[in-house]
Amino acid sequence: MAEAGSVTRADYVIVGAGSAGCVLAARLSEDGAARVALLEAGPKDSSLLVRMPAGAGRLIPTKNPQNWGFWTEPQAHCDNRRMFWPRGKGWGGSSSINGMIYIRGHARDYDQWRQMGLAGWGYRDVLPYFRRAETFEAGADPWHGGEGPLHVSRPSSHNPLYKAFVQAGAAAGHPVTRDFNGHQQEGFGPYQLTIKDGERWSASFAYLRPAIGRPNLTVISQAYATRILIEKGRAVGVEYAGGPGKPAQRIYADKEVLLAAGAVQSPQLLQLSGVGDPALLAKFGIAVNAPLSEVGRNLQDHLDVCIINECTKPITAYSAQAGINQIKTGLNYMFRKQGPGRQNFLESGAFLKTRPELDRPDAQLHLVAAIMIDHGNTQMKQDGFTIHACQLRPESLGTIMLKSADPFAEPAIDPNYLAADLDRRTMRDLVKLSRDVASQKPLDFLRGAEIRPGKDVKTDAEIDAWIRQTSETIYHPVGACRMGADERAVVDETLRVRGVEGLRVVDASVMPTLVGGNTNAPTIMIAEKAADMILGRKAMAPEDALIAEDGERAA
């Protein structure tokens with residue numbers, strides 16, 4: 001790897017060492033032919049809290065060196081609350097602070113993209129890239145890879161809460177599935193995890209770190225991209241600085257600039273670079289390089305509520321980390337990689353339909369062996385368990401727009417949660433569904449009193465009010481640099497920015513619609529597929545035989 005300050009030119013300049021950026025850096029530098037430079041605003045991922053799966057509980061709740069810690073604009077339909085938005089900062093991006101759940105989404109999510117005119121993005125087309133990325137610890141099969149950089153494991157703890165939750169789902173009349181990423185997504189079952197030998201297996205550990213020794217790859221940390229350099233309609237490089245008040249530096253791209261700054265900062269950086277709505281850019285005195293009014297629009301996210309019960313046995317994160325146990329847990333993990341530190345406390349869940357006529361699940365549950373209030377900031381000194389319940393396909397659309405021409409200022413993030421009537425109805429149904437599951441007999445030996453919403457929240461009006469007061473993001477924003485076949489879309493099906501040559505966006509912001517599940521695995525898939533496009537390689541062959549005749553999901 002070249003010295004950080006020694007490179008001023010490269011074939012490819014990648015902005016952002018998050019999930020997508022790590023994939024691009026590794027794949028584009030793989031054969032040694034191309035010079036690749038990777039810019040990242042945050043630090044190297046050397047913190048113990050990053051490596052230790054249980055550390056996510058410390059990294060997510062607050063702004064810190066690994067977390068941008070954004071805040072939304074006041075949400076009109078959520079009692080005008082500003083909501084905290086954790087986003088990963090540093091090597092691995094959000095894959096270095098997330099809950100380590102490996103979920104791809106439903107097959108129909110990608111077929112919907114194809115039906116929107118996005119050739120090459122149907123489920124048959126993307127499955128080979130999911131498999132190329134993955135090494136599944138149970139072995140390769142028609143749905144899973146066995147030789148990829150990203151290690152995917154099965155749950156390892158023996159906490160009875162996870163099994164009881166799945167049994168409670170079955171008792172409530174819901175299906176059960178063994179593999180959310182296999183033939184059947186719908187139902188209750190175990191989550192697969194990006195954990196290897198008790199360590200978080202982020203995109204950095206999977207892709208970037210193995211590539212660090214390559215002489216054709218340069219990684220520049222603490223490099224805040226301030227704008228893309230565009231000359232005569234072509235992206236020629238990136239301007240960056242070490243922080244506010246630090247001198248600007250430039251690095252030039254002989255082939256392409258690849259924007260992988262993430263769901264929030266990719267649209268922001270485009271706007272700062274004169275790619276966006278001309279009226280918005282004029283407001284901040286930014287010259288227009290490409291009049292793309294859709295930049296920053298089409299923002300979608302999974303809104304979440306937490307149904308919380310006391311746990312009658314000391315088997316949750318509280319007892320594992322209370323008092324001196326916290327020190328014991330840390331030492332046991334540091335020296336032996338054993339104990340609660342190697343757990344994410346989130347090993348089972350569900351994908352469900354809130355209405356029987358739906359063609360795929362519209363709801364996801366995460367069972368957390370802990371009390372989670374306000375992202376974990378509100379501490380309760382007792383054992384409990386939380387059912388995170390989120391709507392998978394919201395109709396409410398939001399925006400990410402500049403508030404200032406200062407590249408170090410946060411943009412205006414407005415998810416516009418609960419603007420659509422369907423979203424309000426679905427969230428209400430999810431509260432009822434989750435309560436029903438929590439009340440089932442298999443959980444009797446572990447379930448104590450309901451802490452949230454609490455016994456006084458009963459009617460639809462009371463449930464709706466509680467949702468407005470307490471709902472939060474579950475960390476899956478996408479869409480503000482929408483991929484589309486229409487001319488208004490920000491990027492085309494090859495992820496090229498319309499109106500600017502030599503510039504692509506490769507991250508979650510290009511998703512035209514939210515997928516049905518956690519978004520890290522799909523983001524890695526997008527970058528795997530993009531790497532072939534960028535290098536001019538033939539796309540991997542579609543895997544047609546894996547889709548069942550009735551259209552049921554095959555991975």
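**Close-up views of a predicted model**

View 1. Helix α1 (residues 19–28) is mostly covered, with 10 of its 10 residues buried, where buried means under 20% relative accessible area, exposed over 50% and partly exposed in between (1.4 Å probe, protein chains only). Helices (H or I, at least four residues) and strands (E, at least two) are DSSP runs, numbered from the N terminus. The model is predicted, so that local features need pLDDT of at least 70 and side-chain atom pairs count only at pLDDT 80 or more, while totals for chains, interfaces and linings use all residues. Residues are numbered from 1 along each chain as its sequence is written, and side-chain values use heavy atoms, with hydrogens and water left out. The axes of α1 and helix α7 (residues 203–211) come within 8 Å and cross at roughly 30°; axes are lines fitted to C-alpha atoms, for helices over the stretch in contact, and angles run from 0 to 180 degrees between N-to-C directions. The two helices α1 and α7 are therefore roughly parallel to each other, since angles under 35 degrees count as roughly parallel, over 145 as roughly antiparallel, 65 to 115 as roughly perpendicular and the rest as oblique. S19, C22, V23, A25, A26 and R27 of α1 make the contact with A203, S204, Y207, L208 and A211 of α7, contact meaning heavy atoms within 4.5 Å. Helix α7 is itself mostly covered, seven of its nine residues being buried.

**View 2. L24 and the largest nonpolar core.** Of the 96 residues in this core, L24 and L270 touch the most other members; a nonpolar core is a set of buried Ala, Val, Leu, Ile, Met, Phe, Trp, Tyr and Cys residues joined through side-chain atoms within 4.5 Å. Helix α14 (residues 520–535) supplies the largest share of the core, eight residues. Not counting residues up to four places away in sequence, L24 touches I14, S29, L258, V506, A527, A530, A531 and I534. A second, separate core of 68 residues includes I101, L433, L443 and V457.

**View 3. Helix α5 across helix α14.** The axes of α5 (residues 123–133) and α14 come within 9 Å and cross at roughly 105°, and that makes α5 roughly perpendicular to α14. On the α5 side V126, Y129, F130, R132 and A133 take part, and they meet A521, P522, I524, M525, E528, K529 and D532 in α14. M533, also found in helix α14, is 38 residues from L495 in sequence and 8.9 Å from L495 in space, C-alpha to C-alpha.

**View 4. Surroundings of E199.** E199 lies in strand β11 (residues 199–200) and is buried, with a relative accessible area of 16%. Leaving out residues up to four places away in sequence, E199 touches R51, P53, T194, F205, Y333 and K337.

View 5. Most residues other than glycine have a negative phi, and most peptide bonds are trans. A cis peptide bond, with omega about 0°, joins R452 and P453, and P453 lies in the loop between β24 (447–452) and α13 (460–470). In the loop between β3 (70–71) and β4 (84–85), D79 has a positive phi near 55° and counts as partly exposed at 43% relative accessibility. F345, in the loop between α11 (324–336) and β19 (348–352), has a positive phi of about 60° although it is not a glycine, and at 8% relative accessibility F345 counts as buried.
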